[in-house]
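Here is a short briefing on one protein chain. Keep the structure in view as you read.

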Amino acid sequence: MRRLLIGAVTAAAVVLAGCSGHSGSGDDNAKDASASPAAGAAAKSADFGTLKNVCGPGTAKSSEVQGVTDKSVRLGVLSDIGFTKNSEFPDAAKVFTAWCNAAGGINGRKLAPVTRDTRLMQVREQVLAACKSDFALVGGGAGLDGLGVADRLKCLLPDLPAQSTQAVGSDLQVLATGAGVGYFPYAGYYSWLLKEKYPDSARKVGMIVGDSPVSKTFGAQYREGIGGLGGKVSYSDLYPVAGVSDWTPYAQAIKNKGVKGLVFLGDLASLAKLEQALTNLGYAPDWIDANSNAYGPAFVQLAGPALAKQHNYAELSATAPLESASVNPATQQVVDLFKKYAPDAAVTYPVLRAFSAWLLFAVSARDCATLTRKCVYDNAVKQTEWTGGGLQAPTDLSRNDIPPQCYSIVATTADGWKAADFGADQGPYRCDAPTYKYRGDYGKPLTLKAVGKSMADVT
């Protein structure tokens with residue numbers, strides 16, 4: 001498991017109730033998201049942040065590669081939109097491809113994203129559909145993405161997702177935030193919480209986890225990671241993913257156990273209700289790990305007055321917080337592009353992660369003399385300091401087993417989410433995370449070899 005974007009840990013914990021998605025249809029006749037009225041407007045620049053000439057004109061030739069013509073590149077975008085009704089991935093695809101296509105596309109080829117609506121449980125069906133017509137999967141994610149990995153590898157389909165949960169670290173996948181297979185992804189974050197900010201909480205950590213197989217696996221990883229950093233989980237409980245009518249018993253148990261630090265792996269609406277129950281009892285742990293799923297205005301609105309009492313934190317996979325846009329040009333550029341191409345859509349943390357994935361694909365495809373899957377994949381894994389043009393801390397994508405070094409932390413205030421004062425030493429990031437390698441067996445990423453294939457088959 002790696003630092004999962006968009007609160008994928010949380011989403012899985014509640015059977016993806018809060019997972020991000022991509023708008024539109026999942027069939028082969030889905031509307032090209034790049035065809036917005038604004039897409040024809042000339043872009044001011046083909047540069048993004050520190051990345052130069054990301055998109056631009058060219059003289060692309062005809063191709064026999066699936067999904068590629070002399071005019072376009074067809075790209076699938078996995079999404080649970082039919083289940084979550086969440087449009088963050090579609091919005092990101094619409095905006096990025098409109099901007100890129102207005103600048104000339106990738107060496108003259110326009111990007112044609114097609115939504116693959118996995119509807120939570122239809123991952124395999126949508127991966128198989130992508131296998132028949134798409135060049136690659138880009139900028140999306142499905143909470144139960146593990147259901148489609150074997151089929152994706154059998155058809156040799158590359159994946160550059162915005163998020164990954166069960167499929168993280170699998171072959172032919174390049175996650176822009178790095179996979180970090182085998183390592184606790186939040187070691188820096190929890191070291192700060194347990195050893196610096198709230199040392200008295202280290203032996204009084206509580207956990208509440210959504211009662212599903214995926215979330216319980218994540219819970220076991222958290223428990224091990226916290227223990228490996230010197231903490232101790234002294235209280236734990238599960239809650240039904242269908243929902244809880246009254247969170248008071250959970251709040252009372254937290255209070256009775258004297259929990260000083262709470263890890264919550266569940267949907268943001270449930271967390272808001274739990275915090276309201278805690279506040280009604282007059283109890284507040286030193287800290288609550290709300291995780292990145294709660295990072296945004298929705299949680300602030302739902303939690304309401306409880307935010308004045310409860311102390312929420314989230315780690316953003318070393319991504320620059322949205323609140324840093326005024327001092328971080330790449331983040332501001334995303335904000336500006338949304339104003340131009342999707343003014344009614346919100347810029348969110350999932351959007352930033354999706355943009356990094358789209359940028360990774362774009363520069364990898366741009367540098368191919370002949371556009372092939374192997375060339376794009378090889379170029380992507382050559383990136384040893386990928387920043388998405390400044391959207392995230394430098395990340396080495398050359399291997400999937402490199403532990404994360406940097407992290408970024410945000411906290412809630414009465415006015416909403418803000419960057420926390422956590423000792424950032426490289427812009428909005430802190431890059432001294434300790435390394436904790438899992439000792440437990442949580443499964444291994446699926447390989448090409450496991451489905452009877454090898455990199456020699458990828459063309």
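Buried means under 20% relative accessible area, exposed means over 50%, and partly exposed lies in between. Arg74 has a relative accessible area of 22%, so Arg74 is partly exposed. Note that this is a predicted model.

**Salt bridges**

- The count comes to ten salt bridges.
- One of them joins the side chains of Arg74 and Asp134, at 3.2 Å from N to O. Arg74 sits in strand β1 and Asp134 in the loop between α4 and β3, so the pair ties together parts 60 residues apart in sequence.
- Asp134 is buried, at 0% relative accessibility.
- Arg430 and Glu196 meet in another salt bridge, at 2.6 Å from N to O. Arg430 is in the segment after β11 and Glu196 is in helix α6, 234 residues apart.
- Arg430 counts as buried at 10% relative accessibility. Glu196 counts as partly exposed at 44%.
- Asp211 and Lys216 form a salt bridge at 3.3 Å, N to O. Shared partners also link Arg74, Arg116 and Asp134 into one network of salt bridges.

**Strand β5**

- Six of the six residues of β5 are buried.
- Val205, Met207 and Val209 point one way, while Gly206, Ile208 and Gly210 point the other way.
- β5 pairs with β7 in the parallel sense over five bridges. Gly206 stands opposite Leu262 there.
- β5 also pairs with β6 in the parallel sense, over six bridges. Met207 has Ser236 as its bridge partner in β6.

**Positive patch**

- Arg203, Lys204, Lys232, Lys257 and Lys260 form a positive surface patch.
- Lys204 lies in the loop between α6 and β5. Lys204 is partly exposed, at 34% relative accessibility.

How values were computed:
Residues numbered from 1 in each chain as written. Predicted model: local features only at pLDDT ≥ 70, side-chain atom pairs only at ≥ 80, totals over all residues. Heavy atoms only, no water. Patch = residues over 30% accessible without salt bridge, like charges linked within 9 Å, V, L, I, M, F, W, Y side chains within 5 Å. Areas by Shrake-Rupley, 256 points an atom, 1.4 Å probe, with all protein chains shown as cover. Salt bridge = Lys/Arg side-chain N within 4 Å of Asp/Glu carboxyl O. Lys, Arg positive; Asp, Glu negative; His and termini not counted. Charge placed at Lys NZ, Arg CZ, Asp CG, Glu CD. Helix = DSSP H or I, 4+ residues; strand = E, 2+ residues; numbered from the N terminus. Buried < 20%, exposed > 50% of the residue type's maximum accessible area, 1.4 Å probe, protein only. Pairing = 2+ DSSP bridges.
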